[in-house]
Amino acid sequence: MIDSHCHLTYEPLARQLNEVLARAAAVGVQKLITIGTDLVDAQRAIDLCRQHENIRCAIGIHPHHSDKAQDEDVAWLRSLQQSPSVVALGEMGLDYHYDFSPRERQAQIFTAQLELARELNRPIVIHNREATDDCLAMLKNFPTIKADFHCFTGTIDEARKILDQGHLLGFTGIVTYKKSDELREVAKFTPSDRILVETDSPYLSPEPVRKQKVNEPSFVMHTARFVADLRGISIEELDRITTENVSRHFGWK
């Protein structure tokens, strides 16, 4: 099993990283993709990957950090992308829920990273909250780029729009929550070649460990089993499907 999206550089995972990785390995989570969300975090992610053969990273400028980002930061991102540990750009995108950064600046930084992804022929990881139509409109200008819409929590209509444009959907522990009926329907109909499972740890612990405030990669197995049951397949089959999707999308063999 692969956790396709976690934040191993974030506290409290970083301070107990060896234990976190051991617990993941013990339940069969053999590969992890950790996400760098600004330049400092990106360098931490790369350094971490150098110490662990089973970890890769995606690095980018999160929309929450867009207001603090400088135009030259994207040039620095280009240089960091040369690391063999880096498999994607992101997470990047738009967040209209929190609006921690002005929307115009979010769009500017998102566009700059899309241009870089096109230049480098890189896949991307999308952070999208309440901005699906704007995200997809911007992505239409970059038709060669394929995106993983991580932590998808949108509507059935939004899911179909994303899938129709050829992108992937990543499901977190939210799909296991009692009030996530619509999201469960999306997890059922998402094509087999477009589905990923992830933790987004240290956030969003799934049932039945939701009361544990700190999520971690080993818990992706709970989400995976839940999604496998929804789709009427075995956990082994979901493992095969999502592993192939990670390999194809991120180029990690």
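Predicted model: local features only at pLDDT ≥ 70, side-chain atom pairs only at ≥ 80, totals over all residues.
The largest pocket has a volume of about 430 Å³. Its lining counts 19 residues, and His-62, His-64, His-127, Asp-200 and Tyr-203 sit closest to the centre. Two strands, strand 4 (86-95) and strand 5 (124-129), each provide at least two lining residues. Strand 5 gives the most, with 3 residues.

The second largest pocket holds about 210 Å³ of space. Here 13 residues form the lining. Nearest the centre are Asn-128, Arg-129, Glu-130, Thr-153 and Gly-154. Strand 5 is again the top contributor, with 3 residues.

**Nonpolar cores**

The largest nonpolar core has 68 residues. Within this core, Leu-8, Leu-114, Ile-124, Ile-126, Phe-149 and Leu-169 make the most contacts. A second core is separate and has 12 residues, including Ile-2, Ile-33, Val-125 and Phe-250.

Which residues does Leu-8 touch, leaving aside those up to four places away in sequence? Leu-8 contacts Leu-13, Ala-14, Leu-17, Val-20, Leu-21, Leu-32, Thr-34, Leu-48, Ile-55 and Pro-217.

Terms used
Residues numbered from 1 in each chain as written. Heavy atoms only, no water. 1 Å grid on protein atoms, 1.4 Å probe; cavity = no way out; pocket = protein on both sides within 12 Å on 5 of 7 lines; lining within 4 Å. Points joined across faces, edges and corners; volume = space filled by probe spheres on them. Helix = DSSP H or I, 4+ residues; strand = E, 2+ residues; numbered from the N terminus. Core = buried A, V, L, I, M, F, W, Y, C linked by side-chain atoms within 4.5 Å. Buried < 20%, exposed > 50% of the residue type's maximum accessible area, 1.4 Å probe, protein only. Contact = heavy atoms within 4.5 Å.
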